Amino acid sequence: MLYSATSAPLLLLSILSTLLPSLNAHSLPPTTPWRRQAEDNPFPFNYCPAAPWPTGEGSAISSHLPDSDLQAALKEISSANIQSYISTLATFGTRHTLSPQNGSTTYGIGAARDWIASKMRTFATPSNGRMTVTVPSYIQPADGDRILFPVRISDVVATLKGSETPNRVYVVSGHYDSRCTDPNDYTSLAPGADDDASGVAVALEFARIMATRKPKSTLVFVAVAGEEQNLYGANFLAQTYKNASVNVAGMFTNDIIGSPTGPDGTKDPYTIRVFAQGPPAASIEGTAKAASRLSVGGENDSPARELGRFIVENAQNAYTGMRNIAIIYRQDRYLRGGDHLPFLRAGYLSSVRFTEPIEDYRHQHQNVRVDNVTGEQYGDLEQFCDFDFIARVGRVNLASLWSQSEAPAIPANVTIDASSLTNNSTFTWLPSNETGNGLAGYEVVWRPTNSPHWTHAIPVGLVNKATVQVSKDNVVFGVRSVGKNGYKSPAAFGGFGSQ
Ligand SMILES: [Zn+2]
């Protein structure tokens with residue numbers, strides 16, 4: 001189901017469409033409020049037909065396209081602004097976590113911290129107090145590894161309080177610390193344009209755009225420090241939220257989203273990778289649930305994967321300009337780890353990482369230099385960034401973020417009745433405990449077990465129990481909430497029996 005399909009699957013699609021018109025994604029029922037303009041989407045995520053077997057109840061799921069409010073917000077993301085943020089962040093010499101914290105407005109991580117906080121505060125002004133900017137910090141002792149001496153780790157956090165479901169929180173982060181070749185070298189030049197001024201630029205641009213809007217849920221735009229020194233800044237933030245029992249319902253980290261160009265010049269400018277982990281650790285999920293996953297085939301239905309499906313359904317379209325949102329079925333790349341990991345470890349399981357499609361290792365974690373032999377320029381310099389690409393990644397983030405915020409919460413405690421042998425499937429879930437979420441009802445969604453994305457949806461109304469005429473033995477089920485505004489939550493896996 002890749003975007004760059006060969007003609008063979010397309011031929012198969014056309015043959016199947018002829019033989020089996022009901023499988024054609026374009027022969028959908030009349031447009032509903034939450035299937036706005038779906039037929040017009042040039043980048044559908046499920047253009048290839050649903051597997052012809054099994055068949056069952058429900059209509060084909062298509063892309064969920066932005067409404068006019070979201071379209072307007074997406075248009076405000078500016079490549080020029082993103083470039084200006086990255087240009088400034090690249091001028092602080094180094095933003096290494098161990099670099100100077102005070103005494104300069106132009107050099108070191110302290111100067112970068114203060115500039116980001118100042119920018120965020122300026123952006124917050126039109127919010128009339130709804131967006132607040134804080135700089136929480138702690139002293140990290142020397143750790144015998146990448147912290148050579150006790151150092152203050154500061155996160156810059158802009159929090160835009162939700163208007164209707166403020167206790168539901170979504171976090172978008174980038175890290176403002178940088179490094180060169182030696183992770184503990186805190187004096188050499190380390191412009192960190194791609195890694196990770198690009199991610200910070202998205203957080204800044206969101207603060208600017210969202211301050212004038214009133215999202216239903218609380219949105220948090222963060223620049224963390226200490227990423228290159230063992231993820232300390234994000235860990236501090238995740239633990240702070242956990243200790244305060246904050247409901248972080250979704251977390252995106254944008255880290256190395258600056259360029260779609262590989263080392264051989266190959267460009268893949270309309271693809272973004274999203275790293276989404278599989279089953280949570282048993283220590284977090286609980287041993288009973290972890291064991292149940294094995295027997296019911298829930299290995300591909302972690303909260304992070306459901307979020308990945310949601311991102312593709314809501315953000316792979318002409319309004320973001322991203323043609324291929326590649327969900328990667330792993331926590332992170334080999335030898336690497338990002339700021340979503342401390343959130344996953346804190347039990348915030350809907351946490352994923354965005355990273356460019358092909359990395360050029362000459363332009364990250366490298367001293368700025370020209371190679372004597374090859375004449376190649378090394379270093380994480382602004383000149384290697386593609387600001388239109390970063391803006392597209394930002395639009396993917398914003399479409400996904402806003403769509404979560406405006407939808408009702410994910411259904412809780414979804415359970416399938418596995419108490420007897422039947423060819424239908426019965427589910428129960430808890431009534432929503434949110435007020436003001438505009439809940440219209442629920443959908444049971446399903447897909448063949450070997451399909452990456454949900455293929456069918458069955459509206460079941462404003463109920464907490466539903467039976468559908470699809471055998472639980474042959475498909476994977478989920479349940480999602482549907483708002484009166486047409487927004488739908490990510491699905492909750494509907495495969496666990498009562499426990
Ligand atoms: Zn990074």
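This section describes the predicted model, from its confidence and domains to its core, its sheets and some individual residues.

The mean pLDDT of the predicted protein is 91, and 90% of its residues reach 70 or more. Residues 1-38 have a pLDDT below 50, although this stretch makes 48 contacts in the model beyond its near neighbours in sequence. Where pLDDT is low, the predicted coordinates should not be read in detail.

The domain assignment divides the protein into domain 1 (68-406) and domain 2 (409-498). The C-alpha centres of domain 1 and domain 2 are 31 Å apart, and 18 residues of domain 1 are in contact with 18 residues of domain 2. On the side of domain 1 that touches domain 2, the elements giving two or more residues are S6, helix H8 (287-296), helix H9 (303-315) and H11. Of these, H9 supplies the largest share of that side, with five residues. Helix H11 (residues 387-406), another contributor to the side that touches domain 2, has 20 residues and reaches 28 Å from its first C-alpha to its last, close to the 28 Å expected at 1.5 Å a residue. H11 is mostly covered, with 19 of its 20 residues buried.

The largest nonpolar core has 120 residues, of which Val-200, Ala-203, Ala-207, Val-222 and Ile-390 touch the most other members. Helix H5 (residues 193-210) gives the largest share of this core, eleven residues. Because domain 1 (68-406) and domain 2 (409-498) both give residues to the core, it lies between them. In soluble globular proteins, nonpolar side chains tend to be buried together. When neighbours within four places in sequence are left aside, Val-200 is in contact with Tyr-85, Leu-89, Ile-116, Gly-174, Tyr-176 and Ala-223.

Strand S6 (165-175), which also gives residues to the side of domain 1 that touches domain 2, has nine of its eleven residues buried and is therefore largely enclosed by the rest of the structure. S6 runs parallel to strand S7 (residues 217-224), to which it is joined by eight bridges, and His-175 stands opposite Val-224 in S7. The loop between S6 and H5 holds Arg-179, which counts as buried because it has 26 C-beta neighbours inside 10 Å. Not counting residues up to four places away in sequence, Arg-179 touches His-96, Ala-190, Glu-228 and His-365. Arg-179 and Ile-147, which are 32 residues apart in sequence, have their C-alpha atoms 13 Å apart in space.

Three strands form an open sheet in the order S14-S15-S18, with antiparallel pairing. S14 and S18 stand at the edges, each with a single partner strand, so one side of each is left without a neighbour in the sheet. Strand S14 (residues 415-416) is paired with S15 over two bridges, in which Thr-415 has Thr-428 as its bridge partner and Ile-416 has Phe-427. Strand S18 (residues 465-468) is joined to S15 by four bridges, again in the antiparallel sense, and here Thr-428 stands opposite Lys-465. In strand S15 (residues 425-428), Ser-425 and Phe-427 make up the covered face, whereas Thr-426 and Thr-428 make up the uncovered one.

Some features of the backbone geometry may be set out separately. Most residues other than glycine have a negative phi, and most peptide bonds are trans. The peptide bond from Asp-195 to Asp-196 is cis, with omega near 10°, and Asp-196 lies in helix H5. Asn-128 has a positive phi, near 55°, and is not a glycine; its place is in the loop between helix H4 (109-124) and strand S2 (131-134). Leu-231 likewise has a positive phi, of about 60°, and lies in the loop between S7 and helix H6 (232-243). Asn-128 is exposed, with 9 other C-beta atoms within 10 Å, whereas Leu-231 counts as buried, with 22 C-beta neighbours inside 10 Å.

Notes
Residues numbered from 1 in each chain as written. Predicted model: local features only at pLDDT ≥ 70, side-chain atom pairs only at ≥ 80, totals over all residues. Buried ≥ 20, exposed ≤ 12 C-beta atoms within 10 Å, placed from the backbone. Pairing = 2+ DSSP bridges. Expected span 1.5 Å × (residues − 1). Core = buried A, V, L, I, M, F, W, Y, C linked by C-beta atoms within 7 Å. Domains from an automatic or database assignment. Contact = placed C-beta atoms within 7 Å. pLDDT = per-residue confidence, 0-100.
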